[in-house]
Amino acid sequence: MDEKTVFKIGDRVDQMCTTCNEERGHVVVSVSKTGNITRVGCPMCASRVAYRAGTTRRAPKLGAPYDRARTYRKGQTLMHPTFGEGEVTAIIEPQKMDVLFADRIRRLIHAHS
Ligand SMILES: [Zn+2]
């Protein structure tokens, strides 16, 4: 069986970000007609770079269920009941954070007593 993985916009792949100088999950921002990734975006520095072949689809990490009373740190993963798995990309204010979900970044409350 030779089943090719077809990617779509919003999928996540691990790739080295040359701006951050760190390997991290990137969001697929453009895909060719045949389903090959052409460009990916870094959620941290927002740079868009050409996709390098050979990187793999990011293995799902099971984050703990989202809890607004909890205090999150950048890089933590969580499971939102509506949006699914997300990764904290930035702490905006003591009680607000940006979380990258499969489709886009959403602002959520955290450390809420
Ligand atoms: Zn970056």
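Me: Which side chain does the side chain of Glu87 make a polar contact with?

Reply: That would be Arg12: in this predicted model, the side chains of Glu87 and Arg12 make a polar contact at 3.4 Å.

Me: And where is Glu87, in terms of strands?

Reply: Glu87 belongs to strand E7, which covers residues 84-93.

Me: Is Glu87 buried or exposed?

Reply: Buried. Its relative accessible area is 11%, and the cut-off for buried is under 20%.

Me: OK, what sheet is E7 part of?

Reply: E7 sits in an open sheet of 5 strands, ordered E5-E6-E7-E8-E9, and the pairing there is mixed. Strand E5 (64-65) and strand E9 (105-109) are the edge strands, each pairing on one side only.

Me: Which strands run parallel, and which antiparallel?

Reply: E5 and strand E6 (residues 77-80) run parallel, joined by 2 bridges. E6 and E7 are antiparallel, with 4 bridges, and E7 also runs antiparallel to strand E8 (residues 96-100), this time with 5 bridges.

Me: How many residues does the hairpin from E6 to E7 go through?

Reply: The hairpin joins E6 to E7 through 3 residues.

Me: Switching to the metal. What holds the zinc ion?

Reply: Four cysteines, through their SG atoms: Cys17, Cys20, Cys42 and Cys45 coordinate the zinc ion at 2.2 to 2.3 Å.

Me: What geometry does the site have?

Reply: The zinc site is tetrahedral, with angles of 103 to 114° among the 4 donor atoms. For that label, all angles have to lie between 85 and 135 degrees.

Me: How are the donor residues spaced in sequence?

Reply: The spacing is C-x2-C-x21-C-x2-C. Cys17 lies in strand E1 (residues 12-17), while Cys42 is in the loop between strand E3 (37-41) and strand E4 (48-50), so this pair ties together parts that are 25 residues apart in sequence.

Me: Are Cys17 and Cys42 buried or exposed?

Reply: Both are buried. Cys17 has a relative accessibility of 1%, and Cys42 comes in at 4%.

Me: You mentioned E1, E3 and E4. What sheet do they form?

Reply: They belong to an open sheet of 4 strands in the order E1-E2-E3-E4, with antiparallel pairing. E1 and E4 are at the edges with a single partner strand each, so one side of each has no neighbour in the sheet. From one strand to the next, the twist averages 45°.

Me: How many bridges between E3 and E4?

Reply: There are 3 bridges, and the two strands run antiparallel. If you want a pair to look at, Val40 stands opposite Val49 in E4.

Me: Nice. Now His110: where is it, and is it buried or exposed?

Reply: His110 lies in the segment after E9. His110 is buried, with a relative accessible area of 1%.

Me: What does His110 touch?

Reply: Leaving out residues up to four places away in sequence, the contacts of His110 include Arg68, Tyr72, Ile91, Glu93 and Met97. With Tyr72 there is a polar detail too: a polar atom of the His110 side chain lies 3.0 Å from the Tyr72 backbone nitrogen.

Me: And Arg107, buried or exposed?

Reply: Exposed, at 52% relative accessible area. Arg107 lies in strand E9, and its side chain joins that of Asp98 in a polar contact of 2.8 Å.

Me: What else does Arg107 touch?

Reply: Besides Asp98, Arg107 touches Ile92, Lys96 and Met97, again not counting residues up to four places away in sequence. Arg107 and Lys96 are 11 residues apart in sequence, with their C-alpha atoms 6.7 Å apart.

Me: Last one: what about Lys74?

Reply: Lys74 lies in the loop between E5 and E6 and is exposed, at 56% relative accessible area. Setting aside neighbours within four places in sequence, Lys74 is in contact with Met44, Val88, Thr89, Ala90 and Ile91. Between Lys74 and Ile91 there are 6.5 Å from C-alpha to C-alpha, and the two are 17 residues apart in sequence.

Note on methods
Residues numbered from 1 in each chain as written. Predicted model: local features only at pLDDT ≥ 70, side-chain atom pairs only at ≥ 80, totals over all residues. Heavy atoms only, no water. Donors = N, O, S within 2.8 Å, 3.2 Å for Na, K, Ca; no water. Tetrahedral: all angles 85-135°; square planar, octahedral: opposite > 155°, others 65-115°. Buried < 20%, exposed > 50% of the residue type's maximum accessible area, 1.4 Å probe, protein only. Polar contact = N/O pair within 3.5 Å; in protein donor to acceptor, adjacent residues only side chain to side chain. Pairing = 2+ DSSP bridges. Contact = heavy atoms within 4.5 Å. Axes fitted to C-alpha atoms, helices over the stretch in contact; angles between N-to-C directions.
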